[in-house]
Amino acid sequence: MAEGDRLIGVDALTRVVADILAAYAMPADDARYCAESLIEADLRGVSSHGIARLPTYARRLREGVLNPAPRLAVTERMPVAAHVDGDNGIGYVVGRRAMDLAIEKAQMFGVGLAAASRSNHYGMSSLYVHRALQAGLASFVFTNAAPTMPVWGGRDPVLGTNPLAMGAPGPTPFVLDMATSVAAKGKVRRALARGETIPEGWALDGEGRPTTDPAEALKGVVLPMAGPKGSGIAVMIDVFAGVMSGAAFGDLVVNQNDDFTRGQDVGHFFMAMRPDLFLARDAYDARAGQYRDRIKGGRKAAGFEEILLPGEPESRRAERCRREGLPLSANEIASIEAEAGKAGVAGLG
């Protein structure tokens, strides 16, 4: 925990965030789900997608550019696939509906696909992977995002950081959640809010020069991971989440932090599948356990005390923070209290 941070109980924080969202006509169940999802990101250390996003969501609700109570329209063209028109609702609600459709279809047919359009930012991608894991399923999750990253060889922001997530059941579940940029732009915003610098190699300023100043980075672009590889993955995610779904794509996706006149029209893609499509479930479970043991039982490199599976550090942090409380900076607490005041609800106290 950083110096000056304060531990906040998860229940109290959930109540305040849910009350703020509900104050803008979001149904109580949706408001609580969104609050839980935001806080889950902070619990897992994905603070770029946590309550730091609350002021933007609240402003978009206040200004009427985010629909608090969307009527989600589902179209099913084939038995294994469904499309969700998000009606400009918050992405958490749209994404939950689409992921649940993919899960239902996977339970029935072995594989389920869902895409969504006319959505908005949907938070931490692994939220939806964990939803599939709770149903005993493997999954792939893609979303596009507002343009903040150049295509390899260019300098203009054409691509979003376009994260991908995937997971598979096991004695210790396998979970991967990553942006296709070196770092999510939300981490740059959080560094700015905390008065911190960012590492070299994260971003270019408005003139195309490397910078460690988050304020200057926000005037420019974040960089794709691994150069052309990250750029290529981001393009393909946009094909699935944006082009195929009927949503906006590339630099047509609206930036929720800059444009408060219209919805984002973000697109999502979800695939859920049974892990026993190719062999019996007990055989899969045994092999998943063997694979985990072989990974974690390997020789450790210098400086490492343990070999961790993807998703394991986040799960451990979340368990600890649920017990002890979530560490928030004075600026983060002040931001929550300010939003509570604007919404006319009780704050953390």
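This report describes the pockets and the aromatic contacts of a predicted model.

## Largest pocket

The largest pocket has a volume of about 730 Å³. Its lining comprises 42 residues, of which S48, H49, P163, A179 and A184 are the closest to the pocket centre. At least two lining residues come from each of helix 5 (126-134), strand 7 (174-178) and helix 6 (185-193). By class, 20 of the lining residues are polar, 15 nonpolar and 7 charged.

## Second largest pocket

A volume of about 450 Å³ is found for the second largest pocket. It is lined by 23 residues, and those closest to its centre are A52, T56, R189, R190 and A193. Helix 3 (54-62), helix 6 and helix 11 (330-343) each give two or more residues to this lining, with helix 6 giving the most, 5 residues. The lining of the second largest pocket holds 9 polar, 8 charged and 6 nonpolar residues.

## Aromatic pairs

The model contains 8 aromatic pairs. One of them, Y122 with F270, is tilted, with 6.3 Å between centres and 55 degrees between the planes. Y122 belongs to the loop between strand 4 (111-119) and helix 5, and F270 to strand 11 (residues 266-273), so the pair ties together parts 148 residues apart in sequence. Both residues, Y122 and F270, are buried, and together with Y128 they form one aromatic cluster.

The ring centres of F174 and Y291 lie 5.8 Å apart and the planes meet at 35 degrees, so this pair is tilted. Because F174 is in strand 7 and Y291 in helix 9 (residues 281-296), the pair ties together parts 117 residues apart in sequence. F174 counts as buried, at 14% relative accessibility.

## Charges over rings

The charged end of R59 sits over the ring of F260, 3.6 Å from the ring centre. For R96, the charged end sits over the ring of Y33, at 4.3 Å from the centre.

Methods: Residues are numbered from 1 along each chain as its sequence is written. This is a predicted model: local features need pLDDT of at least 70, side-chain atom pairs count only at pLDDT 80 or more; totals for chains, interfaces and linings use all residues. Side-chain values use heavy atoms; hydrogens and water are left out. On a 1 Å grid over the protein atoms alone, a cavity is a set of points where a 1.4 Å probe fits but cannot get out, and a pocket is an open set with protein on both sides within 12 Å along at least five of seven lines; lining residues have an atom within 4 Å of a point. Grid points are joined across faces, edges and corners, and a volume is the space filled by probe spheres set on the points. Helices (H or I, at least four residues) and strands (E, at least two) are DSSP runs, numbered from the N terminus. Ala, Val, Leu, Ile, Met, Phe, Trp, Tyr, Cys and Pro count as nonpolar, Asp, Glu, Lys and Arg as charged, and the others, Gly among them, as polar. Rings of Phe, Tyr and Trp (its six-membered ring) pair if their centres lie within 6.5 Å; planes under 30 degrees apart count as stacked, over 60 as edge-to-face and the rest as tilted. Buried means under 20% relative accessible area, exposed over 50%, partly exposed in between (1.4 Å probe, protein chains only). A charge sits over a ring if NZ of Lys or CZ of Arg is within 6 Å of the ring centre and within 35 degrees of the ring normal.
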